[in-house]
Amino acid sequence: MKNIELDYSDCLQFINEKDILIAAENGMNHLNRLKSKSGKGNDFLGWLNLPNEVMIETNKIEKAALRLRNSANISVVIGIGGSYLGSKAVIDAFTNPFDNGKINGHQILFAGHHLGEDYLSNMLNYLSGVSFNIIVISKSGTTTEPAIAFRLLKKLLEENIGRKEAIDHIVAITDKNKGALRTLAEEEGYETFVIPDDVGGRFSALTPVGLLPIACAGIDIRQFISGTIEMASVTRDNDTSAKNPALIYAAIRNLLLRKNFNIEMLVNYNPQLHFIAEWWKQLFGESEGKEGRGIFPVSADFTTDLHSLGQYIQDGQRIIFETVLSVDNCNKNLVIPKDERNLDKLNFLSGESVSYVNKKAEEGTIMAHVKGGVPVIKIDLPEINEHVLGQLLYLFEISCATSGYELGVNPFDQPGVEAYKSNMFRLLGKEGY
Ligand code: PA5
């Protein structure tokens, strides 16, 4: 199977190859620090070996997923941040939006990732009188957004199918011992999965946090895991920095940052990758953005956003670089038809596929942006499948961790996330705030 490849030729007029290779070699020290657990945040390195360790749990995860798929046609995944973005990213990549959001005959809904009252009311309305499943995910077990959503959805489910019956429709993924969700799950008798102590939310896609919802969507988690194993061998286990795409990517990012390219825009040309970028933003934003440092991660869906952000990218402040998710082959083939009248003058494209036009849009955009002063890193994905997405996520994780070390921060904590929470609790009148 073809692997993901990094193409940085469109960065070379901004930074030179020699500096990239020196920085990547320096990245090897960071990688070794990760592997020897001698860097910052070394209590949170459980994710590093998950590709090789998670297979042990795969049977249990697949069994639970099958049980849920057989119990109802809809599953609601409740979680926020790292407790939902990994599964949302992978599930969205395979969901047909025109099949009522169903994937492999099952509908996966997400809740608890915001406090939008209209959204939750509409969801409760949609699920009224219906049998459904809940996968509730919270490492701390105390996060407000998912806790509120769970309270509402659990009540509705119990009203719909009865309290006793509801027990078999709920799975909780949380800490091994502590937190309100652990207590509730044990008291009620829900099936549970554990989020390991040494894996932080944004690095948890390869734990039951990501894998159970993904399996519940009928997606092949073994292929996904095998992609991460493959990428571990070319990144984590690769001693040749010049051939290590995670170290090269981290090196380029940091060299560009030093040249005041403070914003990285992850760009896709295929809308089903939108949530991969949302996951990536959390990964890099929470890992690097601290102590006044870090690249600000943003994302864009092209060609859509070329008609909104395109002007700024081309001509605005020269502070943006792009990382493009470039997909070689689409899963479908759609040919542009010939039209007798040809009023739109598009007959020169008749017989060509839509993806051919998309590819030319991508190539043309990259040329224009590079000429306009925007460095572009390209990540070539042979196609969008489970194996490739596994590779991609693990590539980003290794790269992010070593890049955080290069910046001198602890990539595995998120102290800044607490600030809004204490204000919110004080404003809500919670005891102790
Ligand atoms: O990366 C993180 O740690 C956060 O984004 C958390 O994933 C998020 O806040 C959800 O936390 P919890 O799983 O404890 O509910």
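This is a predicted model: local features need pLDDT of at least 70, side-chain atom pairs count only at pLDDT 80 or more; totals for chains, interfaces and linings use all residues.

Trainee: Let us start at the end of H14, then. Which residue just after H14 takes a positive phi?
Mentor: That is Gly373, with a phi of about 100 degrees.

Trainee: And what about the length of H14 itself: what span should its residues give, and what do the end atoms show?
Mentor: Helix H14 covers residues 354-371, and at 1.5 Å a residue its 18 residues should span 26 Å. The end C-alpha atoms are 26 Å apart, which agrees.

Trainee: Which residues of H14 are buried?
Mentor: Glu362, Thr365, Ile366, His369 and Val370 are buried in H14. Seen down the helix axis, the buried residues fall within an arc of 120 degrees, so they line one face of H14.

Trainee: What do those buried residues pack against?
Mentor: Their partners are helix H13 (310-315), strand S10 (320-329) and strand S11 (376-383).

Trainee: Which exposed residues sit on the face turned away from the buried side?
Mentor: Met367 and Lys371 are the exposed residues carried there by H14.

Trainee: You mentioned S10. Where is Thr323, and is it buried or exposed?
Mentor: Thr323 is found in strand S10. Thr323 counts as buried because its relative accessibility is 0%, and the cut-off for buried is under 20%.

Trainee: What does the side chain of Thr323 have a polar contact with?
Mentor: It is joined to the side chain of Glu264 by a polar contact of 2.6 Å. Leaving out residues up to four places away in sequence, Thr323 touches Glu264 together with Tyr249, Met265, Leu266, Val267, Ile377 and Ile379.

Trainee: Changing topic to the ligand: how many residues surround it, and which are the closest?
Mentor: The ligand is surrounded by 13 residues, and the closest are Ser83, Ser138, Thr143, Gln282 and Glu286.

Trainee: What are the distances from Thr143, Ser140 and Gly82 to ligand oxygen atoms?
Mentor: For Thr143, a polar side-chain atom lies 2.5 Å from an oxygen atom of the ligand. For Ser140, a polar side-chain atom is 2.7 Å from a ligand oxygen atom. With Gly82, a backbone N or O atom is involved, at 2.9 Å from an oxygen atom of the ligand.

Trainee: How much of the ligand does the protein cover?
Mentor: On its own the ligand has 380 Å² of accessible area, and the protein covers 88% of that.

Trainee: Now H1, please. What span should it have, and which of its residues are buried?
Mentor: Helix H1 comprises residues 17-35; at 1.5 Å a residue, these 19 residues should span 27 Å, and the end C-alpha atoms are 27 Å apart, in agreement. The buried residues in H1 are Ile20, Ala24, Gly27, Met28, His30, Leu31 and Leu34. Their cover includes helix H11 (245-258) and helix H15 (386-407).

Trainee: What happens at the two ends of H1?
Mentor: At the start, a side-chain oxygen of Asn16 reaches to within 3.1 Å of the backbone nitrogen of Lys18. Just after H1, Lys37 takes a positive phi of about 55 degrees.

Trainee: And Arg33, what does it contact?
Mentor: Arg33 is found in helix H1 and is partly exposed, with a relative accessible area of 33%. Neighbours within four places in sequence aside, Arg33 is in contact with Ser38, Gly39 and Tyr405. Its side chain also has a polar contact of 3.0 Å with the side chain of His30.

Trainee: Finally, the loops. Where is the cis peptide bond?
Mentor: It joins Phe302 and Thr303, with omega about 10 degrees. Thr303 is found in the loop between strand S9 (296-301) and H13.

Trainee: What about phi at Asn104 and Lys345?
Mentor: Asn104 is a residue other than glycine with a positive phi, near 50 degrees, and is found in the loop between strand S3 (102-103) and strand S4 (106-111). Lys345 is not a glycine either, yet has a positive phi of about 55 degrees. Lys345 lies in the loop between S10 and H14 and is exposed, with a relative accessible area of 60%.

Terms used
Residues are numbered from 1 along each chain as its sequence is written. Side-chain values use heavy atoms; hydrogens and water are left out. Helices (H or I, at least four residues) and strands (E, at least two) are DSSP runs, numbered from the N terminus. The expected span of a helix is 1.5 Å times one less than its number of residues. Buried means under 20% relative accessible area, exposed over 50%, partly exposed in between (1.4 Å probe, protein chains only). The arc is that of the directions from the helix axis to the C-beta atoms. Contact means heavy atoms within 4.5 Å. A residue is near a molecule or strand if one of its heavy atoms lies within 4 Å of it. A polar contact is a pair of N or O atoms within 3.5 Å; within protein, one must be able to donate a hydrogen and the other to accept it, and residues adjacent in sequence count only if both atoms are side-chain atoms. Accessible areas come from the Shrake-Rupley method with a 1.4 Å probe; for residues, only the protein chains shown count as cover.
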